[in-house]
Amino acid sequence: MGWFWSDGPQSKVQSQSLSHHSFPVSQDGSRSPPPGCPMHKHQKSADAMNSSDSCPVKHAPAASETPSGCPVPHSSGTYSREHKMEWKKECTQEWKKDHESQSTLSRLNPLNYMFRDISQAPAPEQTQALPTSREPSTIPRGDGDGNWEYPSPQQMYNALLRKGYTDTDVTAVESMVSVHNFLNEGAWAEIMDWEKRFSGGLYKGWRMCSRGEQNFDTMVKKYGYQKEVENLSPSLVRFQGRPKDMTPKAAMFQVMGWIYPGAFGTDPPFDRHDWYVSRDVDGKRKEVRYVIDYYSGPPEPTGEPVFYLDVRPAITPSGAAERALRWGCDVWWRAIGGDARELQKHNNLH
């Protein structure tokens, strides 16, 4: 998860507010996640730093990794011996710099586990050509230089090989990129829903949430917050991948599933991210941390895979208050039959 790439300023693309909690992926050859997708493999946690020139990711080497050789097979093929030797040299150099240098962070792009200057050239022994075009995201960069841009399938494949995923199926890389990009866009859409409610503070958030989720747009219009909501400008500064650190909420669901399997039984999330978002508060930028749990759901009757994203602010004093207000107002409004009461009141007046 979280494949972002940026070589420089990109043209700004307005964020789309897509509200998704589950994400079915069509099996049309471009969105089905392959079995070998590294999204389902353990990643190393990465911490990010606030710098546009250096990577915000702290990359700790896995114990099983060794610099004994290049992860790319070098059997006989159509590539020249010099080409293969140059690739092997690059792989070894990248491994040493990424795993031995204390300045590893300068080798990596923000929000990304891939090398900074990954090539668009085919890898040695690559059996199929891959597209080199890169898709812009709708996620604004924290430094203000346009939006984050996803890697091309060729860059993704080269990066996976250099990171040791030598069993990656080259025919599945395009689908892998599409699914990863799709889920990242969905996560950002969920974050935008939180920002619309609480970027203006808890009081405004309470007013907009006071009649439940389904009446959010109505309350925005009632209190005159349309422009404020439409002109939001949050941006993604960095993230931390933490697949081995289960969130308290996910752990609670696992315990409840053990006690009440019929009601709460579910597989644990296959990944977790912490996204750090820059929020404009009274003309000043405030950093807000969001926690994202990624779940695989039962497939659609047609066989299409489904993913669930649980996106919410981290448990900080303000984040806990935002979660309590949004969840509590929605539950309370439905519990008291708020919509039915409002309809009855409207009918009595007429």
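A search of the whole structure finds 6 aromatic pairs, a pair being two rings of Phe, Tyr or Trp (its six-membered ring) whose centres lie within 6.5 Å. The model is predicted, and local features need pLDDT of at least 70, side-chain atom pairs count only at pLDDT 80 or more, and totals for chains, interfaces and linings use all residues. Residues are numbered from 1 along each chain as its sequence is written, and side-chain values use heavy atoms, with hydrogens and water left out.

One of these pairs joins Phe239 and Trp275: the ring centres are 6.4 Å apart and the planes meet at 20 degrees, so the pair is stacked (planes under 30 degrees apart count as stacked, over 60 as edge-to-face and the rest as tilted). This pair links distant parts of the chain, since Phe239 belongs to strand 4 and Trp275 to strand 5, 36 residues apart. Helices (H or I, at least four residues) and strands (E, at least two) are DSSP runs, numbered from the N terminus. Phe239 counts as buried because its relative accessibility is 2%, and Trp275 is buried too, with a relative accessible area of 0%. Here buried means under 20% relative accessible area, exposed over 50% and partly exposed in between, with a 1.4 Å probe and protein chains only. Elsewhere, ring pairs link Phe270, Tyr294 and Phe307 into a cluster.

Charges over rings come next. The charged end of Arg141 sits over the ring of Trp148, 4.7 Å from its centre, and Arg238 lies over the face of Tyr276, at 4.1 Å from the ring centre. The criterion is NZ of Lys or CZ of Arg within 6 Å of the ring centre and within 35 degrees of the ring normal. Asn147, in strand 3 (residues 147–149), is buried at 3% relative accessibility. The side chain of Asn147 reaches the backbone oxygen of Ser137 at 3.0 Å.

The largest pocket has a volume of about 980 Å³. Of its 30 lining residues, Lys249, Phe253, Asp310, Val311 and Arg312 are the closest to its centre. Helix 3, helix 7 (248–259), strand 6, strand 7 and helix 9 (317–335) each give two or more residues to the lining. On a 1 Å grid over the protein atoms alone, a pocket is an open set of points where a 1.4 Å probe fits, with protein on both sides within 12 Å along at least five of seven lines, and lining residues have an atom within 4 Å of a point. Grid points are joined across faces, edges and corners, and the volume is the space filled by probe spheres set on them.

Two loop residues complete the picture. Glu125 has a positive phi of about 70 degrees although it is not a glycine; Glu125 lies in the loop between helix 1 (81–99) and strand 2 (136–140) and is partly exposed at 22% relative accessibility. Asp282, in the loop between strand 5 and strand 6, has a positive phi near 55 degrees and is exposed, with a relative accessible area of 78%.

Key. A polar contact is a pair of N or O atoms within 3.5 Å; within protein, one must be able to donate a hydrogen and the other to accept it, and residues adjacent in sequence count only if both atoms are side-chain atoms.
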